[in-house]
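Subject: Structure for your review

Hello,

Here is the structure I promised to send over. My notes on it follow below.

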Amino acid sequence: MSNKHLFLNSGFVRAPLQNGVGRYVCQLQRIVLKFCKTHGSCRGLRDFIEQDLVDFAKQNPGVVVYLKPRRHRGPVAVAEYLNGDRVWMNLANKTHSEITKWIEVLRTQQGDIASTRLRKYQYTDHPSIQGPWTPFTFKNPELNTAVLPDQKFGANDRLPMSATEQLRLMFEKQKLEEGDVKTAE
Amino acid sequence: MSAFKRVQQWATFARTWHVFDCKWQDPYDSAQVIKKYLMGLHKPIYHPTNDCGDVVVCINSRDIALRGDEWRKRAYFHHTGYPGGASWTLAWELHNKDPTMIIRKAIYRSMKGNLQRRHTMERLFIFPGEDVPQDIMQNVTNQIRQLRLVPTRLDHIPEEEVQKYPKVMDYPQDYVLK
């Protein structure tokens, strides 16, 4: 996140009411296409309206489609969603196929997701099965009754074996095999 | 927030008190370890903006061990701010004046110099000896492992254990024992 995104809303990846699990409710409520009948930058949008708009409206009976011819204005699509989001999209100089894809994006997205910064790229209702970490997770239970400071818990236990200890072990082994071995006086 | 979630939150963010025995330890190496506990870097929930640092109680700071001849060579600089106010104190002098100062400065220097550092240092207790006030010691639930093995002196080992130690070789006949 850079400084220019300080005022960007942040959120998590969510599906409203578990949308798509069992049934799917199209989150796009209303789409308004504003265009000019003569302006060159509206060419693609006009093509889309002539060729694909009726099919689009038939295939999506839940979406209200408005057309607003506005003289000498750029082409614009405004989409409104069930959660109240309103997405304004400039379609100037976009070709017919580009506009088909952008309208598909507006139809399938959950809301104004482009203007939210995702805090994480994954979301779960059950973040942990074994429960959140606490300071006592994975702790030695002997510490509960230990009187600290104790050399047993404080000494470094990851050092390699010292020569003294090694010699003592060899001595014990030899004692088991031979029986009588010399010790220091 | 349900009662369970509230207790869960309280348990996860509870401050733990650790004790660290500085006996025979290098303060500059130990500082790298103690710093992690003070800042909460040892926790899986660590994040710079969450307040998850622990409290560390250092004991036996009088018995720290410096490397080589650092007691004589290492100097601590102080400037009063006035002209000619600079002073250099050698490590052994500083240790004689305040036996907690060397380990405190080592931990302070090991952390990044930001605004949080002073507050993190407030969570550090250093005692020159073994005796720690009871109200501090009763909170301690964990001990930080030392970095170096504390050597045992021969005259501190029980007599019979010394007697039982294996004999590697015999002295020659003409060897003169002192």
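Of the 178 residues of chain B, 36% count as buried. Please keep in mind throughout that this is a predicted model.

Chain B overall

The secondary structure of chain B consists of eight helices and six strands. Along the sequence they come in the order α-β-α-β-α-β-β-α-α-α-β-α-β-α. The radius of gyration of chain B is 22 Å, while the globule rule gives 16 Å for 178 residues, so chain B is more spread out than a compact globule. The C-alpha trace of chain B spans about 85 × 60 × 30 Å along its principal axes. Among contacts in chain B with a separation of 6 or more, 69% are between residues 24 or more positions apart.

Contact between the chains

The contact involves 24 residues of chain A and 31 residues of chain B. About 2,500 Å² is buried between the two chains, and carbon and sulfur atoms give 57% of that area. In chain B, the residues that lose the most area to chain A are Q143(B), R145(B) and Y165(B), which together make up 25% of what that side buries.

R145(B) also takes part in a salt bridge across the contact: its partner is D157(A), with the closest N and O atoms 3.6 Å apart. The count of salt bridges between chain B and chain A is one. Polar contacts between chain B and chain A come to eight residue pairs, with both residues at pLDDT 80 or more.

Which elements of chain B supply at least two residues each to the side that touches chain A? They are α1 (3–12), β1 (17–21), β6 (140–143) and α8 (159–163) of chain B. Of the side of chain B that touches chain A, β6(B) gives the most, with four residues. By type, the residues on that side of chain B are 16 nonpolar, eight polar and seven charged.

Salt bridges within the chains

Side chains of opposite charge can pair when their charged atoms come close. Over all chains, the count is 17 salt bridges.

In chain A, R168(A) has two such partners. The N to O distance is 2.9 Å in its salt bridge with E165(A) and 3.9 Å in its salt bridge with E172(A). Why can R168(A) and E165(A) be about one helical turn apart? Because R168(A) and E165(A) lie three residues apart in helix α5 (residues 163–178) of chain A, about one helical turn separates them. R168(A) and E172(A) are four residues apart in helix α5 of chain A, so the separation there is also about one helical turn. R168(A) is partly exposed, at 31% relative accessibility. E165(A), at 32%, is partly exposed, and E172(A), at 33%, is partly exposed.

In chain B, D51(B) and R123(B) form a salt bridge, at 3.7 Å from N to O. This pair links distant parts of the chain, 72 residues apart: D51(B) sits in the loop between α2 (27–39) and β2 (55–59) of chain B, and R123(B) in the loop between α6 (116–121) and β5 (124–126) of chain B. D51(B) is partly exposed, with a relative accessible area of 48%, whereas R123(B) is at 12% and therefore counts as buried, the limit being under 20%. Elsewhere, D26(B), D29(B), R67(B) and R148(B) are joined into one network by salt bridges that share partners.

Regards

Definitions and conventions
Residues numbered from 1 in each chain as written. Chains lettered and ligands numbered in written order. Predicted model: local features only at pLDDT ≥ 70, side-chain atom pairs only at ≥ 80, totals over all residues. Heavy atoms only, no water. Salt bridge = Lys/Arg side-chain N within 4 Å of Asp/Glu carboxyl O. Buried < 20%, exposed > 50% of the residue type's maximum accessible area, 1.4 Å probe, protein only. Contact = heavy atoms within 4.5 Å. Buried area = accessible area lost by both parts, 1.4 Å probe. Polar contact = N/O pair within 3.5 Å; in protein donor to acceptor, adjacent residues only side chain to side chain. Nonpolar A, V, L, I, M, F, W, Y, C, P; charged D, E, K, R; others polar. Rg over C-alpha atoms; globule rule 2.2 N^0.38 Å.
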